[in-house]
Structure formats: structure tokens, C-alpha cells
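Let's take a walk through a protein model together. Have the sequence and the 3D view open as you read.

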Amino acid sequence: MWYDYLGSILTGAILTLQLSLLSLTCAIIFGLMTASAKLSPIAPLRWAATCYTTIIRGIPDIVLMLLVFFGGQILINHLAVKAGLAPFEFSPFWAGIVTIGFIFGAYFGETFRGAFMAVPAGQIEAGIAYGLSRTRVFFRILTPQMLRFALPGLSNNWLVLLKSTAIVSMIGLTDMTWLADQAGRSTRQPFIFYMIVCLLYMLLSYASGVLLKKLEKRYSAGVIFGAL
Amino acid sequence: MDFQPGIILASLPMFLDGLWVTLELVGIALLFGMIFALPLGIIRAVNVPYLTQLIGGYTYFFRSTPMLVQLLVTYYGFGQFKWMQDQWNAGNSFWLLFREPYFCACFAFTLNTCAYTTEIISGAIKNTSTGEIEAAKAMGMSWITRMRFVILPAAMRRILQSYSNEVILMLQGSAIASAVTLVDLTGVGRAVYARYYAPFEAFIFTGLIYLVLTFAVLGLFKLAERRWLAHLKPRKH
């Protein structure tokens, strides 16, 4: 019966969640690096960051994923042989995380860049005038205010990221889409399983929507919105 | 592990076929998506009881689930039902379409892009400034005239930017068509990889074609903006 497979699909849902959260972490790191490169006074850094965001946003995620997954394995084998090590297997899990993180890093970079620029320069000057160090200014003054501007863009990107994890099933990762596919084949009831996956995705986006609203409220503390 | 351009040259005809499939799929989806999204977006914006909520539910479903799953449901899912199988056995030519991967991809992509476009259009319509609508009413325009000559022309100009995003998302989203055995651009990339075991040649070249397509789309929208958003350009004189 179809509900016998429910447990296995829920395991897949956990994998999907793990994958998306790890990719999110990866993407935020890439995004912060891109944003600082784009805002840096060193021109080659800015060019490199612009190249990265332009190229990544112009290529479908599945193509990049296939390139990293299949190409990465060959590259690793090649390097391992050169370094005199035994070749090891490139797991689709990490290939998926690195690729999704790398792709969404480009989008997050744009979001962060806009948000950093939205913080008034006077805030940084005031921090420095009070004798705070550069890192202090960054973490205590710039970041908390930046997050308020970045959150709407971040939540958008997160929802897109969550949905794009479904394509890791095309490189053989046993996420919930892949498990639903298998369950559908063996029970000849694919519709039910795909619908369960749809419902789980909807649940995840709904839950993250609620959570992000709360975060947005938290980071907008003290901001007065004009009455319409 | 040397980069062999010969592989790309030998597979160029295949890549051209794949490019054509991708362009066709995306073109059909965008065309029909727009045709359906226009009335749906208007209804969603003007608040018709029940209908607006129904459309809201449709767009919510399609925007919060992955397009890959939507495609798989269309191609593999419907065959589960006895009724569908009976239709197929009876040779009903309409329902037999759901056994064609090409039709299924067009179907799923159209519904998906239609959902996003509906939201874009309804958002633009809702953003019409009240003064414009008041002025149109004061001129004695009927609802249809108002929609046709005041609200829609302005709203369709406003959607240009977000619609260009949607077109690019659709172009890149169509890369999953190979999941239902279609040989689109990505499908060709996978086939070339499988034949020569050359991931770099196959996928880098595929990526480059998508990159060029993306730039072409962006360029077209730049032209469209120059034509239809000319009044927003910064003054030069």
C-alpha cells in the first residue's frame, strides 16, 4: 500500500532539508565573499565577482550540477593520481551542496551588496569615531542593519533554493523526489507519491515563510513605517 | 584529461537539434503562459469572489513546488488512474497526448510560467496609482475602456523588468526536460557526455549556449524597454 512508503519519503524530506540548509550556509558564505569583492576598492576583485555572478546566473543549475558531479570526479581522480593518492569517490551529496551553494552564492551576493549599500555611511563613521575596530563595526553595526534590508531578498532566494534541491535527484541523490519516483514505480501509483512530495515542499515553504516573517520583524525593531 | 574541442565539433549538429527543442519548448510555454496569464492576472487583481481565491490557490501550488516534480506528475503521474488508462486504450487522441513527453513538458512548463506571470501581472495592475483610475472614472470611461486604455497599457509596461526575469528562469528551468526523455540542450549535453565520457567538453559547451541565450534574452528586453519605457529614460537634453 502507498502509506508503507511514507516513512521512506519522510527520510528523503529530511535529506532535502539537510541539503538545503547546508547549501544555504555555503551560499551565504559565497554571497558575503562576493558582496565584499564587489564593494572592494581593488578593481580585479570587482571584475572577478562580476564575472562570477554573470556566468552563474546565465547557466541552468542542472548543467552546473552535472558538470561538478561528473567533471569533479574526473578532476579529483586526476589530481589524486598526480599527488600519488588513492582516488576517492565524490559523493553526490557534497557535489549537490557545493553546486547549489556556488550557484546561489551569486544571487545572495547581489542581495548582500544592495543591503550593505543601503546602510547609511554615517553609521560606519559614527562607529569608527567611537573608537570601534573595523571588525567590530562590521559585526555590531553593519551586519545587524544590513540584515533588515537583505531579509526580503534572502527569503526569496531561500524559497528558490529549496525548490531547486529537487534536481539533485537527477544526479542520483536519494532526496524525496527520487524516493517518490522509486515508490511510484514499484507501487504503480506515481501520482500519489509526487503529490505527497508537492505537499511536503509546500509545507516547507509555508513554514519558512512564517519563520522569515518573524525574523524580519525582529530585525526591523525600532524602524518606523510610514502610515499609508 | 585534455580538453578536446573535436568532440564539440563532432556533436555540433546534435547541439543544434537540442537548441531547437529548448527554444521550441520555452517559446510555446511562454506564449501560452502569457495568453492564459493575462485574464487570470486581471481576475486575480480585481477581486472576483471565489475566482480570485481559486487562482490564488493555483499560483500558490505552482510557485511553491519544484517544476521538476510538476513535470514528473504530468508525465508519469496521470497514468496511474484507471480512467486515464481506459482513455488511452480507447484511443482518445486528446488524452493520448499525456503519453507524449514533448506535450507533457509543454503542459507543465506552461502551467508553471502561467502561475508566475499571473502574479506578476496582477501585482502590476494592483500598483496602478489611484489618481489614474479616478481620472479615468471622471472621464466617464466604462470598466472595459478603463482596463483597455488606462490600466493595462501602464501595467504591461511595468511588468517588463520582472517578466524578463521570468523568461530567463523559464529558459533555465527548461533544462530539466531531459528528465522525461526529451533531448533538449541539456539532454544533448548528457548524451555527448555518455558517448565520449567527456564531462568538461559536453557540459561547458552546453552552459555556454545557455549563457549566450540568456544574454540574447536580456538584450531583447533592453530593446523592449527602450521602445516601451522610453518615457522613463533619464533626460539627455
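How many helices and how many strands does chain B have? Chain B has twelve helices and zero strands. Keep in mind that this is a predicted model. Reading chain B from the N terminus, you go α-α-α-α-α-α-α-α-α-α-α-α.

Here are some overall values for chain B.

| Feature of chain B | Value |
|---|---|
| Box filled by the C-alpha atoms, along the principal axes | roughly 70 × 60 × 25 Å |
| Share of its 237 residues that count as buried | 35% |
| Share of contacts between residues at least 6 apart in sequence that join residues at least 24 apart | 79% |

Now hop over to chain A and look at a pair of helices. Helix H1 of chain A covers residues 6–38, helix H2 of chain A covers residues 43–57, and the two pack with their axes 7 Å apart. How are they turned relative to each other, and why do we call that oblique? The angle is about 135°. Angles over 145 degrees would count as roughly antiparallel, and 65 to 115 as roughly perpendicular, so H1(A) and H2(A) are oblique to each other. Their crossing is left-handed. On the H1(A) side, the contact is made by Thr34(A), Ala37(A) and Lys38(A). H2(A) brings Leu45(A), Arg46(A), Ala48(A), Ala49(A), Tyr52(A) and Thr53(A). Sort the residues of this contact by class and you get five nonpolar, two polar and two charged ones.

Next, see where the two chains meet. Here, 30 residues of chain A are in contact with 31 residues of chain B. On the chain A side, H3 (61–83), H7 (176–187) and H8 (190–219) each supply at least two residues. Which helix gives the largest share of that side? That's H3(A), with nine residues. By class, the chain A side splits into 20 nonpolar, seven polar and three charged residues.

Finally, let's look inside. In soluble globular proteins, nonpolar side chains tend to be buried together. The largest nonpolar core in this model has 93 residues, and Val197(A) and Leu71(B) have the most contacts inside it. Helix H4 of chain A (residues 92–118) provides the largest share of this core, eleven residues. Apart from this core lies another one of 13 residues, including Cys114(B), Tyr116(B), Ile121(B) and Ile151(B).

Leaving out residues up to four places away in sequence, Val197(A) touches Met176(A), Thr177(A), Ala180(A) and Val69(B).

Notes
Residues are numbered from 1 along each chain as its sequence is written. Chains are lettered from A and ligands numbered from 1 in the order in which they are written. This is a predicted model: local features need pLDDT of at least 70, side-chain atom pairs count only at pLDDT 80 or more; totals for chains, interfaces and linings use all residues. Axes are lines fitted to C-alpha atoms, for helices over the stretch in contact, and angles run from 0 to 180 degrees between N-to-C directions. Helices (H or I, at least four residues) and strands (E, at least two) are DSSP runs, numbered from the N terminus. Angles under 35 degrees count as roughly parallel, over 145 as roughly antiparallel, 65 to 115 as roughly perpendicular and the rest as oblique. A crossing is left-handed if the near helix is turned anticlockwise from the far one by less than a right angle, and right-handed if clockwise. Two residues are in contact if their C-beta atoms, placed from the backbone, lie within 7 Å. Ala, Val, Leu, Ile, Met, Phe, Trp, Tyr, Cys and Pro count as nonpolar, Asp, Glu, Lys and Arg as charged, and the others, Gly among them, as polar. A nonpolar core is a set of buried Ala, Val, Leu, Ile, Met, Phe, Trp, Tyr and Cys residues joined through C-beta atoms within 7 Å. A residue is buried if 20 or more other C-beta atoms lie within 10 Å of its own, exposed if 12 or fewer, and partly exposed in between; C-beta atoms are placed from the backbone.
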